[in-house]
There are 2 protein chains.
Amino acid sequence: MAHILIVEDDQDINNLIAKNLKLVGHTYRQTFDGMEAVKMITENIFDLVLLDIMLPGIDGFEVLKKTSAEPIIFITAKDGLEHKLNGLSLGADDYIVKPFEMLELLARIDVVLRRAQKNTTIFSLDNAVVNLSDRTVTVGGELVDLSPREYELLEVLIKNQNIALSRDKLLELAWGYDYMGETRTVDNHIQKLRSKLGWEERIKTVYKLGYRLEVKR
Amino acid sequence: MAHILIVEDDQDINNLIAKNLKLVGHTYRQTFDGMEAVKMITENIFDLVLLDIMLPGIDGFEVLKKTSAEPIIFITAKDGLEHKLNGLSLGADDYIVKPFEMLELLARIDVVLRRAQKNTTIFSLDNAVVNLSDRTVTVGGELVDLSPREYELLEVLIKNQNIALSRDKLLELAWGYDYMGETRTVDNHIQKLRSKLGWEERIKTVYKLGYRLEVKR
DNA sequence: CTCACTTGTCATGAAGTTGTCACGATAAGA
DNA sequence: TCTTATCGTGACAACTTCATGACAAGTGAG
């Protein structure tokens, strides 16, 4: 279940949504004001934001522009086309028009969350589990120590899974932009990762190019 | 721009959508029937499917259940809540209710496409799928290892499909401009590609000239 | 149908690339 | 200050690629 921020100036609606979220097992926080919403969103602790467009202070579009992080579902009283277009092009994940059925809102929340789940912070492959939020790695349940560079490299590989990355590219992404070192350094760290995670077969060497983390789809 | 399948039994609406897709630069194919839609979707050549729920034969929900591959936007005349819930829980990416503004449909299409990030350039032929963006090749789902030269050559063939290329030309394109070697080298690599991709019948020998990747359109 | 020529196929070894290990410099922590 | 861990470097072994040559099979002009 998810932690959801409700941004809606109408207290009754806000509470109604809150009640229903609670009912299906989500947790939430409520705010009634645009500026406060921006602050709360930047805390970065929510899995989803329900965002009313008409707000005191700054409106929902402004809030989105200022933050644009979490998945967002717009809520609006207006059915105006220009509102929808604006919201969608700004990158909202969905859109719902007041008055709406609570069940529909809950369904749309599920869809958006399910979709966002794909960008989950946990990555697992074979026996290894990489928790990208708290930077831990376990293999077969046992915690594995990775040095900082090893972890950086691992993250890069995971974020670019199935894509062949050149040594230069890896240096750029995991070491820093203009690192000027021997490219054999990359090999060494790759070896470390392979053996620590048991990924000898997973991190493929792409001859004359670099490496690729291979994940079957 | 995307290749979109329109599944809608009302000819007027179908054509109207088609016209507008064309207007903004998408390509499309049209069908008016559920069973045919299933067949076409399984061809796997569309970036997005616009799917009416009420269809002759089998309805949109059934179509989705039978295929569930591409991104899908449901279209329906009914605003019934149970329809929406059903569609969303089945995994539709979006939902639009007739009568709708064409501009809104186009905006939703953009959102879904952006989300699906079909920026991957993929070339597929028979069982083989060549992913030109991340430099991977699969045959029947299995990843195939290609050496650098083999991959270069493959790319050249794909980019010049249906065109006969001389050995000299191939050397120039895949090896580098002033490569000075025996041209028999090309033959060897062609053989490798043929057997690795199962393209014995696809890469045709053009006697006294060179080779051609044959793709029917 | 024949023969000259072209292409398919395989084996080989040289050149080049990657795996692996050990060492030492440096930084971090006690 | 001393200890410890990290990381870049170099050396060498192991491996991969790929051009080459040899020969078999295929092709087409006459």
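Student: Which residue stands opposite Ile203(A) in β12(A)?

Tutor: Ile203(A) faces Leu213(A) in β12(A). Strands (E, at least two residues) and helices (H or I, at least four residues) are DSSP runs, numbered from the N terminus, and two strands pair if DSSP finds at least two bridges between them. Here, 4 bridges join β11(A) to β12(A), residues 210-213, and these strands run antiparallel. The model is predicted: local features need pLDDT of at least 70, side-chain atom pairs count only at pLDDT 80 or more, and totals for chains, interfaces and linings use all residues. Residues are numbered from 1 along each chain as its sequence is written, while chains are lettered from A and ligands numbered from 1 in the order in which they are written.

Student: In what order do the 3 strands of that open sheet of chain A stand?

Tutor: The order is β10-β12-β11 in chain A, with antiparallel pairing. The edge strands are β10(A), residues 165-166, and β11(A), residues 203-206, each of which pairs on one side only.

Student: Why does Gln161(A) count as partly exposed?

Tutor: A residue is buried with 20 or more other C-beta atoms within 10 Å of its own, exposed with 12 or fewer, and partly exposed in between, the C-beta atoms being placed from the backbone. Gln161(A) counts as partly exposed because it has 15 C-beta neighbours inside 10 Å. Gln161(A) belongs to the loop between α6(A), residues 148-159, and β10(A). Contact requires C-beta atoms, placed from the backbone, within 7 Å; leaving aside residues up to four places away in sequence, Gln161(A) touches Leu213(A) and Val215(A). The C-alpha atoms of Gln161(A) and Glu214(A) are 6.3 Å apart, although the two residues are 53 apart in sequence.

Student: How many helices and strands are there in chain A?

Tutor: Chain A has 8 helices and 12 strands. Of its 217 residues, 27% are buried. Among contacts in chain A with a separation of 6 or more, 49% join residues 24 or more positions apart.

Student: Which order has the open sheet of 5 strands in chain B?

Tutor: The strands of this chain B sheet follow the order β2-β1-β3-β4-β5, with parallel pairing. β2(B), residues 27-31, and β5(B), residues 94-97, each have a single partner strand, so one side of each is left without a neighbour in the sheet. Angles run from 0 to 180 degrees between N-to-C directions of axes fitted to C-alpha atoms, for helices over the stretch in contact. Neighbouring strands of the sheet are turned by 20° against each other on average, direction ignored. Within the sheet, β1(B), residues 3-7, pairs with β3(B), residues 48-52, over 4 bridges, and Ile6(B) has Leu50(B) as its bridge partner. Helix α3(B), residues 60-67, lies across β1(B), β3(B) and β4(B), at about 145° to β3(B).

Student: Which residue takes a positive phi in the hairpin of β6(B) and β7(B)?

Tutor: That hairpin has 2 residues between its strands, and Asp126(B) takes a positive phi near 55°. β6(B), residues 122-125, and β7(B), residues 128-131, are antiparallel over 4 bridges, with Ile122(B) opposite Asn131(B). In the hairpin of β7(B) and β8(B), with 4 residues between the strands, Arg135(B) has a positive phi near 65°.

Student: How many residues surround DNA strand C?

Tutor: A residue counts as near when its C-beta atom, placed from the backbone, lies within 6 Å. DNA strand C is surrounded by 17 residues, and the closest are Asp187(A), Thr205(A), Asp187(B), Gln191(B) and Thr205(B). The elements giving two or more residues to this surface are α8(A) and α8(B), each spanning 184-197.

Note on methods
Contact = placed C-beta atoms within 7 Å.
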